[in-house]
Amino acid sequence: MTIVWPRLGKRKESVRVVSALVTHAIAFLRRLIMSSPKGFGEQQKSFDGDSRSSDAISILDSSLESGTSVFTNAHHFTIGTAYLVDNSSGGAKMHTEEERRAEEKKQAKALKNLAANGMPSAMLDSKERVLAPRCNEDTRQQLRIETAKWEEHQRDERRLLWISGPVGVGKSALAQTVAEDFKAKGLLGAAFFFSQPNDCRDPDVVIPTIAYELALILPGYLGIVTRVLANDPLLFDKSHRRQFNDLIVTPIRTLIAKQQYIAPRSLVIILDGPDERKDHTAQREFVEMIGQHARSEVDSRILWIICSRPEPNLKVAFSSADCKATCLQWSLDIDDEEARKDAIRILQIGFANLRNEYPDQLSEDWPTESQIRYIADRASGHLGYVSFLIRFIGDKHYEDPSGQLEVSLRSLEGTSDPENPNPLHMLDSLYTHILLSIPEPVLLTTLRILGVFILYGNTTLTALLLANFLDLDRATFYRALLRLHSVLYVPPAPEAGNKCLQVYHASFSDYLRDPVRSGRFVINEGAVHLDVAVQGLRWLNYCGKRKDHRSLPKPKWIVSHADKDTVIESLCTFAFTPCWRACVQVPEQSLAPLIAALRIFDFDIYYIRPRADSEAFVDFIRWLFSLGADHPCLATVDAWTTGSGAIDMEGKTGIYHHNADPHRFVVSLIKDATPAERYRILLRLGTDPAAVFWFTVSKIGYSYFNKNTDSGDVTFRYAMKRQAPISIAITSHSYFWGMIARESALMITAVIRWQLMAAAVGLPVFTPPLALRV
């Protein structure tokens, strides 16, 4: 049934029209039944023979005769399969099936756009969060009850809840559990987890991810956001405040104004671990935006929960006028009464599971009640500590829970010193004990793996790629991590090609980076940067246009479902950005091996990368020039000009770079450069052989392609002889990958494969364009 709605927003008029339509439909049905031929005899007999049906007909007859509506005093009714058409602008326009499908396609495109610019792995139900910490059924009960009460009773006053606490106190476990509780009640709007394994360092992905989650549960919201993205395709290149307003504030406000259903009471949006981002400015910006929204949009029915450490910059943000007026602050203390009780529950449940798993080794009274109390007292309510302890005692690689318990008890002796202010001292002692169990010949490899994983790991760096990147075979890799399974998830070999290492608790990473806590086991960050830089250059040789296959590194570990070419391609993809970022962070006293590697590196490789990667390469170029007279041959300027001055670009790779102060940037390359808004530089990188680039630096807003840019932008262009340039302009949220080469066998192979697939499924043959522009 299709209903033509005369005026959206006028409820009485709308109900009158619906009532009239239904009344006429009932009258028609009545006449049809009463005048039906033999074929309807049985149905008519059954209809007339049912006293309840007769009463219903009498009611309908009286309603028709009196002219009253059958909807009088009606409520909680549903009209199925109806399309409502807005005729407020005049003229009846029916929603055809084609229009409905077209709208669905637009909405699907909008969802894909949100997902592409967000981080799905940070959402509640992502597969990357299968091992995420959760509260046990009997733990943190009071906090969970109080959180539910806050949502139900204080949503009109305190619309923002900040739950803070030190590392390891269980904030992420609480956030995960509360999010699951709210989702079960239909009250969860969105959840974003900055914590491991997501390693989210890019603040740009937060708002698109929240918008994507809201769009999945609110059809009206999806329609609004679809139109917003269609009207402003470059929205994701604009400021966080503009995105927050256009994708969160305005759509929710519109839904409320139209009195559309949002949730039974409210929708809760949860952010966990924003303090784990290094960008303190972005941290404060998000808190300020949320606080302002919670204070000004009193009718939005959106509630916010933020779980984080009480970092100084966040304390400042939460002390703002907006946050003070609308924010409720809870502090999770390690040594509070509920945490102590929860620690005992975790220990009791964990030991019971171990007794069931090792019935022949362990008696029913293992461990003793005094041992449980002793551990709980020493843990002082640190839930991360007791959870780790249970994993350590039940480590499958030892298969000796009784012996592991004795080791744990011995490690706790003497840790109750009241003058020691470090609440993680007990946890650190166990971390130290684990690392001490690693044989000395293996320890260097272990720390090398941990260093690259902690400083440069991301969701694309699988265990297999990490091993190959460091030139380690399978046996060496797993032998180095054998004693770390209680603190580190190490995927089994068959799954190493698509799963990454994961630390069970962020306190282990913090421990390894703090020389006071870890002592001789501290990660030497300078050595890690050097390692990543040199190894990155080795693998990037595969991207060279003049590569010598005899000198290229070979992968040490190939699994059955990943062929050699796939592994090499993935290694090159990963190596590009970390390599340039690592180079600029190598300590001066460790530069010699890096300089030697750069002297023999051929910079004439394929430079088609996303913007973030491209900016890393630009920073690397500036760093090369900063080396000065000590290494003059690694980067030199052959010629330069300002404005649109002519420069020989033929056959050379080009780089475009937007900068707020181009003159200041160029002076780091050319000391006598005159002020200008645009520069063209012909520069040479490397020595044997050298690669020549044309490098264009311009002020933000300066147009290359007849369009303005409002943010830093890096573009690579390869100018081919006697042909129009092939160019890919890559901005902050465009992840388009490609490879430009006249002589590339890989490109030829890809085209051939496409032609074969197209012919096999009956598609027209596709001819790759000579010019691509994003």
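In this predicted model, strand 3 (residues 160-164) runs parallel to strand 7 (residues 327-331), and 5 bridges join the two. Strand 6 (residues 302-308) is also parallel to strand 3 and is joined to it by 5 bridges. Isoleucine 163 takes part in both pairings: its bridge partner in strand 7 is tryptophan 330, and its bridge partner in strand 6 is cysteine 307.

Strand 3 is mostly covered, with 5 of its 5 residues buried. In a regular strand, side chains alternate between the two faces of the sheet. Here Leu160, Trp162 and Ser164 lie on one side, Leu161 and Ile163 lie on the other, and both faces are covered.

**Helix packing**

| Helix pair | Axis distance | Angle | Crossing |
|---|---|---|---|
| Helix 9 (residues 240-257) and helix 10 (residues 280-296) | 11 Å | about 40° | right-handed |
| Helix 5 (residues 141-153) and helix 6 (residues 171-184) | within 11 Å | roughly 50° | right-handed |

Helix 9 and helix 10 pack at an angle of about 40°. Angles under 35 degrees would count as roughly parallel and those of 65 to 115 as roughly perpendicular, so helix 9 is oblique to helix 10. On the helix 9 side, the residues in contact are His240, Arg241, Phe244 and Val249. They meet Glu285, Phe286, Glu288, Met289, Ile290, Gln292 and His293 of helix 10.

The axes of helix 5 and helix 6 cross at roughly 50°, and these helices are therefore oblique to each other. Leu143, Arg144, Thr147 and Glu151 of helix 5 make the contact with Leu174, Thr177, Val178, Asp181 and Phe182 of helix 6.

**Nonpolar cores**

The largest nonpolar core contains 124 residues. Phe351, Phe477, Leu488, Trp580, Leu594, Leu598 and Phe603 have the most contacts inside this core. Helix 24 (residues 564-583) supplies the largest share of the core, 11 residues. Another core lies apart from this one; it has 48 residues, including Met119, Phe194, Val228 and Phe236.

Phenylalanine 603 belongs to the group with the most contacts inside the largest core. Leaving aside residues up to four places away in sequence, phenylalanine 603 touches Trp580, Leu598, Phe617, Phe620, Leu685, Gly686, Ala691 and Phe693. Among these neighbours, Trp580 and Leu598 are also listed with the most contacts inside the core.

Note on methods: Residues numbered from 1 in each chain as written. Predicted model: local features only at pLDDT ≥ 70, side-chain atom pairs only at ≥ 80, totals over all residues. Heavy atoms only, no water. Core = buried A, V, L, I, M, F, W, Y, C linked by side-chain atoms within 4.5 Å. Buried < 20%, exposed > 50% of the residue type's maximum accessible area, 1.4 Å probe, protein only. Helix = DSSP H or I, 4+ residues; strand = E, 2+ residues; numbered from the N terminus. Contact = heavy atoms within 4.5 Å. Pairing = 2+ DSSP bridges. Axes fitted to C-alpha atoms, helices over the stretch in contact; angles between N-to-C directions. Parallel < 35°, antiparallel > 145°, perpendicular 65-115°, else oblique. Left-handed = near helix turned anticlockwise from the far one by under 90°.
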